[in-house]
Amino acid sequence: MQRVTVLGSCGAFPEPGRACSGFAVDWDGYRLVLDLGYATLPRLLAHWPDGGVDAVAITHEHPDHCIDLHGLFRMRFYGRPGRPRLPLYCPPGVLDRLGGLEPDVDLTAVFDWHTLPGTYQAGPFELTGVRLPHFVPNAGVRLQADEIALAYSGDTGPDALLAELGRDTELFIIEATDRDGETQRPVRNLMTSAESGRWARQAGARRLMITHFWPGNDRAAAAAAAAAEFDGEVLVAEEGVAVSLEDSSPVSETFPR
Ligand SMILES: [Zn+2]
């Protein structure tokens, strides 16, 4: 089984019944998590009831992308001592945040940290983190397994590296925050859904999933704006939705939003 399941789709803070950024990647038994924002941990545990995770990659230190990493730390530290250390790929700021929440314990008892940007072998994946523009250091993540690749932007402004990150991917997950006045800002740290479509096209991605919706945004309108710029299939991140990377067909999951 090779698929990606959405744990959370909101930017900034979660809407009722939803969660912030997070994706569970299942790859022939290997389990990798991309981001763990607000309210994603209970969904991760619903997805993998035994709580087992093989690796975690966090794009940046904002809490809508990393706060539930703290919950996962506690689960491993207090609930499952003695387990092998969990590979964690992230910019240094993520560990700084976590250290602020746990000043009196050793984070390395749980995490085997590898800094992003960088390139590593993570199970079946060559994992590459690429620095992209945001308010704090953000690493877009590409996972390449043989001929199949997926990529995730994290939070980013428009940047030429997005086309490299998502080059010829089967699935390119791109943030589409769509804040008011976004394209008029003098410094760009987030994107619109139309820009997401444009960068997916530049990358030659096969499918685009837009995510990181600002609470209250019209997701159907965001999908339409992205689709106007991208010829491939546009998927909208929804909690519980899974995308198979084997047969190109989205599969609905059963656990509730
Ligand atoms: Zn965010």
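Strands E8 and E9 form a hairpin in which five residues lie between them, where strands (E, at least two residues) and helices (H or I, at least four) are DSSP runs numbered from the N terminus. The model is a predicted one, in which local features need pLDDT of at least 70 and side-chain atom pairs count only at pLDDT 80 or more, whereas totals for chains, interfaces and linings use all residues. Residues are numbered from 1 along each chain as its sequence is written, and side-chain values use heavy atoms, with hydrogens and water left out.

E8 pairs with E9 (residues 138-145) in the antiparallel sense over seven bridges, pairing being assigned if DSSP finds at least two bridges between two strands. Within this pairing, Gly-129 has Val-141 of E9 as its bridge partner.

E8 also runs antiparallel to strand E7 (residues 118-122), to which five bridges join it, and Gln-121 stands opposite Glu-126 in E8. E7 and E8 form a hairpin with two residues between them, and Gly-123 in the turn has a positive phi of about 60°. Because six of the eight residues of E8 (residues 125-132) are buried, this strand is largely enclosed by the rest of the structure; buried means under 20% relative accessible area, with a 1.4 Å probe and protein chains only.

Elsewhere, helix H5 (residues 193-203) packs against helix H6 (residues 219-227) at an angle of about 35°, their axes being 7 Å apart; axes are lines fitted to C-alpha atoms over the stretch in contact, and angles run from 0 to 180 degrees between N-to-C directions. Ser-193, Ala-194 and Gly-197 of H5 make the contact with Ala-222, Ala-225 and Ala-226 of H6, contact meaning heavy atoms within 4.5 Å.

How values were computed:
Buried means under 20% relative accessible area, exposed over 50%, partly exposed in between (1.4 Å probe, protein chains only).
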